[in-house]
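Hi everyone, thanks for coming.

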Amino acid sequence: MNRIKPATLALLLAGACSETVEKPAENPPPPWGTPVSGGTMTVTRSNHAVIADPDRDRILSVDLSTGAVVEELELTAGDEPGRVIEDGAGRLHVALRRGGSMVTLKDAASLDMLSNRPVCAEPRGLAWDAATDAVHVACTTGELVSLPASGGTELRRLQLDRDLRDVVVSGSQLVVTRFRSSETIVLDRAGVVQSRVRPPDVERMADFGDVPPPPGDELSTVPSVAAVAWRAMPLGDGRVVVAHQRQIQNVLKTKQPGGYGGGCGKPVESSFSIVTPGTGTNTATVQTVTPLATGSLPVDAALSPQGDILAVVLAGGQEIQLLRASALAKPDDKRCPDDKDPQDDAAPSLRMQLGTPTSLAWTPNGELAIFYPELPALVVWSRTAGTRTLTLPGQVGYDAGRALFHGETGVGVSCASCHPEGRDDGLVWNFDAFGARRTQSLAGGILRRAPYHWGGDMADLGTLMDDVFANRMLGGTLDRSQRMSLGPWLDRIPAPAGHVVDAAAVARGAAIFTAQDTECASCHQGELFTSNQLVDVGTGGPIKVPSLLGVGYRAPFMHTGCATTLAARFDPACGGGELHGKTAHLTAAQIADLVAYLESL
Amino acid sequence: MSRLTELRSILQHIVLASLPLAAGCTAIDDLVDDDPCSDTFNRTFELDSFQDDGPLRLRVESCRMDAAACQELCQFVMQRASISNYPEQCTVEFSGEASATVDVVYTVQTNANGCAVEGRRPAGLCSPVGGDARSAAGAWLAHAAWLEAASIYAFVHLAQELERFGAPTSLVRRSIASANDEIRHATTMIQLARRYGATPPPVTVDPVGERSLVELAVENMAEGCVRETWGAVLAMFQARTALDPVVRAAYAVIARDELRHAALAWDIDRWIAPQLSDEQRALVAATRERVARELLDSSDPSIAIAALGLPSSTDARALLAHTYDSLWTHSGGRS
C-alpha cells in the first residue's frame with residue numbers, strides 16, 4: 001500500500017525557482033455574465049460568424065474561411081445584445097435587449113455602425129422581410145415594430161400581447177412566438193392577427209410515488225403542457241419549428257430527495273413543435289414532434305442548409321445535439337420524454353467541455369458554428385473534418401452562481417428551466433405540501449426580498465437552495481463559492497420593463513394606488529413595492545407580499561395563478577376581496593386606471 | 001401509512017443509523033489505514049501550454065479566479081491522463097500567466113471483486129461476458145449497469161406473469177412502470193460507467209417457460225423482497241455518501257425508484273400468499289431466510305469505493321444485519 005506522499009519535489013522546485021507562486025483566489029470573483037437567453041449569432045453569406053456577446057456587451061465578426069477575428073465592436077455596458085440577422089444587402093441588425101434599440105451595421109467585414117434606433121424597452125426577435133426591405137422587431141412589452149432595413153424612422157408599430165419572442169417571415173405572413181406561453185400569433189401583411197395557436201398537450205406517464213392512481217386505472221398519465229418557447233425558426237417551406245419546453249404536470253414532492261422527478265423522472269422536458277401558418281381561410285395549425293432533444297434549456301436550434309440536420313443547443317447539459325430533420329414528421333406518442341428513438345440522431349452529440357454553449361448557426365457550406373461565451377470560443381463542426389476551436393479575444397468569464405443556475409441537475413432540469421432568463425415560466429405547479437403555486441420571478445432585487453417563497457418559509461437564499469436545489473432537484477450540495485456567488489449574480493437581473501400605453505391613465509392609477517383608502521401601498525411599499533411581510537389577504541392564509549416590479553409581465557397572478565389578467569385579480573373570488581386592499585368601491589374605470597398603473601411598474 | 005411510506009421509513013432508519021460510521025470512512029487517512037485493498041497515489045501535473053487548449057484554459061483560469069473551481073480542474077487533468085478516480089485532494093499553484101502546477105491525491109481499489117449491487121434479476125439471465133473497465137469504480141459501475149439492464153427483462157417478465165395469474169391491474173401497471181424505471185437506470189449507469197472509463201457487458205437472457213404461482217412467489221421473495229430491498233438500502237447509502245456529486249445525484253433518483261420496486265415486491269408477496277398452501281408459504285419463507293443469510297454470510301458483501309459511496313465491508317455488514325433484523329427475519333417479515 002502506498003502512503004500519501006508529502007509535497008512533491010516538483011512542487012518544491014516550482015516554489016524555489018519561480019519569482020511569484022500564486023494560489024487560487026480564496027473568494028469568488030464579482031458577478032459575471034447575464035442569464036442565458038440563447039440564439040445570439042448568425043453566419044453571413046460571406047461566411048462570417050457575427051456573434052452578439054451579451055456577457056461582454058460587444059459584437060464580434062469572425063471570418064470562418066481564415067479563422068481570424070476581423071472586427072470587434074464595443075457596445076455600451078449593459079446593452080445586452082441578443083438576436084442578430086443579416087438582410088439582403090449584407091447589413092447586420094442586432095437587438096439590444098437592455099439597450100432598448102436595434103443596431104444596424106454596414107457589413108460583417110467592417111461592423112461599421114450605420115444606426116442605433118430606439119425600438120422598445122426590450123427588443124427580442126428580429127426578421128428581415130425581403131418584400132418590403134423592412135426589419136420586424138418583437139418586443140417583450142408586446143410591440144411588433146417594423147423599421148426600414150436601410151435606416152430611418154419606423155414604418156409601423158403594432159401592439160400585440162406581452163412576452164413576444166421571435167418573429168419569422170413566412171411568405172406574406174408574420175409568425176410571432178410568445179416566450180413563456182409558447183403561443184404563436186400569425187399576422188397578415190397588413191398586421192391583422194389571423195390565428196393564434198399553442199402546441200397541444202401530450203400525455204406522459206404519471207408518477208406512481210405515494211399516490212396510487214384510481215382503482216382500475218390501467219396506466220395513469222398526466223398532461224405535458226407546452227411552455228417556454230426559446231427559439232423559433234423557419235423550415236424553408238413556410239412552416240416554422242419552435243424549440244420549447246413542456247411542463248409535465250405531476251405533483252411535485254417537497255420532502256424527498258429528487259421529489260421534483262416524476263413518473264418519467266423529470267418535471268420539464270425539451271420539445272419541438274411545427275407551426276403551419278395557414279393561408280386564406282385556413283387558420284394556423286401546430287403539430288407535436290416525437291421527443292428528439294433530451295436535456296434541459298433548448299435555447300437555440302437551426303436547420304442545416306441541406307435540410308437534413310436540426311442542431312439544438314442544450315445549455316443545461318452543455319451539449320449540442322444533431323438530430324435527423326426527417327424525424328420532425330414523427331408525431332409525439334411517447335410515454336416519456338427520454339424515450340427517444342436513437343435512430344433520430346444524425347450524429348453523436350458534441351460535448352466540447354468549453355462551458356455553456358448558447359448559440360449556433362450553419363455556414364453556407366454546411367458547417368456548424370457554435371458559440372461558447374465563457375472561454376470565449378467559437379467551435380466549427382464539419383461532417384467530414386470533425387471540430388476546430390477558435391479562441392476569441394477576451395478574458396475567461398467565470399461565475400459559480402451563473403454556472404449553478406444553468407447546470408442540469410439529477411432530475412434533468414436546471415434552475416433556468418422554471419426561471420428562464422432569471423424570471424419565471426408563467427406556470428402554476430402543484431406541490432404536495434402547498435397545493436398550487438405560481439412560479440415566482442427571481443428578477444428585480446432578489447436579495448432585498450427575503451424571506452422567499454409564497455409562504456415565506458425560506459429565510460434566505462442558502463436555505464432555499466439547500467432544500468429546493470440540493471434536495472428536491474438533486475443538484476448536489478452547494479460549495480462555499482456557489483453560496484457566495486448565486487445571490488449577487490441573481491440580484492443583477494432587472495425586473496422586466498413596465499409598459500405605458502396611456503400616461504394619463506397611469507397617473508390616475510398611481511393616485512388610486514397610493515391613496516390611503518385603498519391601502520394598496522400599505523403592503524406594496526418602497527422601491528420594490530413589497531413590505532416583505534406575510535399577510536392574509538383572504539386567499540387562504542398568510543402569503544408573502546410579492547414585489548410589484550414588472551408585475552405586468554407576470555400573468556397569471558396571485559399565488560395560485562387564479563387571475564389570468566390583472567383586472568381579474570379584482571374579482572373577490574380570486575383576489576381576496578376587501579382583505580386584499582380596499583377596492584370594492586372603485587368603478588370599472590378606476591380599476592382600469594389601477595391596472596394601467598400596475599402595467600407600468 | 002402506505003406500504004411504501006412504511007418501507008421508506010424503515011430503510012431510511014437503517015441507512016441513517018449507519019451513516020456516522022460511513023462518514024468516518026470517507027476521510028483519506030481512514031481509507032489508507034483501514035482498507036487493505038486500496039492504494040493511494042499522489043501525482044503532479046505541470047501545465048504550461050494551456051493558452052491554446054480551450055477546455056484546459058477555461059478550467060485553469062476559473063480555478064485561478066476561485067479556489068472552489070479547482071476541483072473540476074483536477075478531475076479534468078486526471079481524466080486526460082486516463083485516471084478515472086475522483087481527486088480526493090487537489091492543490092493548484094500558478095507561476096505567472098502561462099504555467100500552473102496541479103497536485104492530486106486519489107485512491108485506487110486493488111480488489112475489484114465482490115461487486116454487490118442487488119436488484120431484480122430475470123430468470124434465465126446468463127453470466128456477463130465482455131465489457132471493459134480500467135478502474136475498480138468503472139468495473140463496479142459497469143456491473144451495476146449490466147444488472148440494471150437485466151432488471152428491465154425481469155420486470156417485463158414479471159408484468160406478463162402477473163397478468164397471466166390475474167393479479168390486480170395496479171401490480172401489473174407498477175411492474176411496467178418499474179421496467180421503465182430500469183431503462184432510465186441502465187442509461188444512467190452506462191453513462192456513469194463510461195465516465196469512469198468502463199463499458200458494460202451486454203445482457204443475455206435465455207427463454208423461460210411458463211412458471212407456477214409458487215415459483216413466481218419464490219422468485220419474487222428472493223429477487224424482490226430480499227435483493228431489491230438490499231439494493232434500495234445500498235442506493236440510499238450511496239446517495240448520501242458518494243464523493244462524486246454526479247454519482248450522488250444519480251443514486252438519489254435510483255434509491256427512490258428502487259424503494260418503489262422493493263415495495264412492489266412486498267405487495268406482490270402479500271397478494272400471492274393467501275393463494276398458497278401452508279407448505280408453499282413455508283417454502284417462500286425459507287427462501288427469504290436463505291437468500292438473506294447468503295447476503296449476510298457472503299465473505300465480501302461490498303467494497304469501499306469512496307467516489308461511489310460504497311460501504312466498507314464493516315458498514316455493509318452493519319447495514320445488512322440491520323435490514324435482516326427489520327425486514328427479513330420471521331418476526332420482522334412483512335409477508
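I'll go through the ring pairs, then the charges over rings.

Quick housekeeping: this is a predicted model, so local features need pLDDT of at least 70 and side-chain atom pairs count only at pLDDT 80 or more, while totals for chains, interfaces and linings use all residues. Residues are numbered from 1 along each chain as its sequence is written, chains are lettered from A and ligands numbered from 1 in the order in which they are written, and side-chain values use heavy atoms, leaving out hydrogens and water.

So, how many aromatic pairs are there over all chains? Nine. Rings of Phe, Tyr and Trp (its six-membered ring) pair if their centres lie within 6.5 Å; planes under 30 degrees apart are stacked, over 60 edge-to-face, and the rest tilted.

Take Phe513(A) and Phe529(A): they're edge-to-face, 6.0 Å centre to centre with 70° between the planes. Phe513(A) is in helix α6 and Phe529(A) in the loop between α7 and β33, so the pair ties together parts 16 residues apart in sequence. Helices (H or I, at least four residues) and strands (E, at least two) are DSSP runs, numbered from the N terminus.

Buried or exposed, what is Phe513(A)? Buried, at 3% relative accessible area; Phe529(A) is buried too, at 14%. Buried means under 20%, exposed over 50%, partly exposed in between (1.4 Å probe, protein chains only).

Phe513(A) also pairs with Tyr597(A): the centres are 5.2 Å apart and the planes at 50°, so that one is tilted.

Finally, chain B: Arg64(B) lies over the face of Phe94(B), 4.5 Å from the ring centre. The rule is NZ of Lys or CZ of Arg within 6 Å of the ring centre and within 35 degrees of the ring normal.
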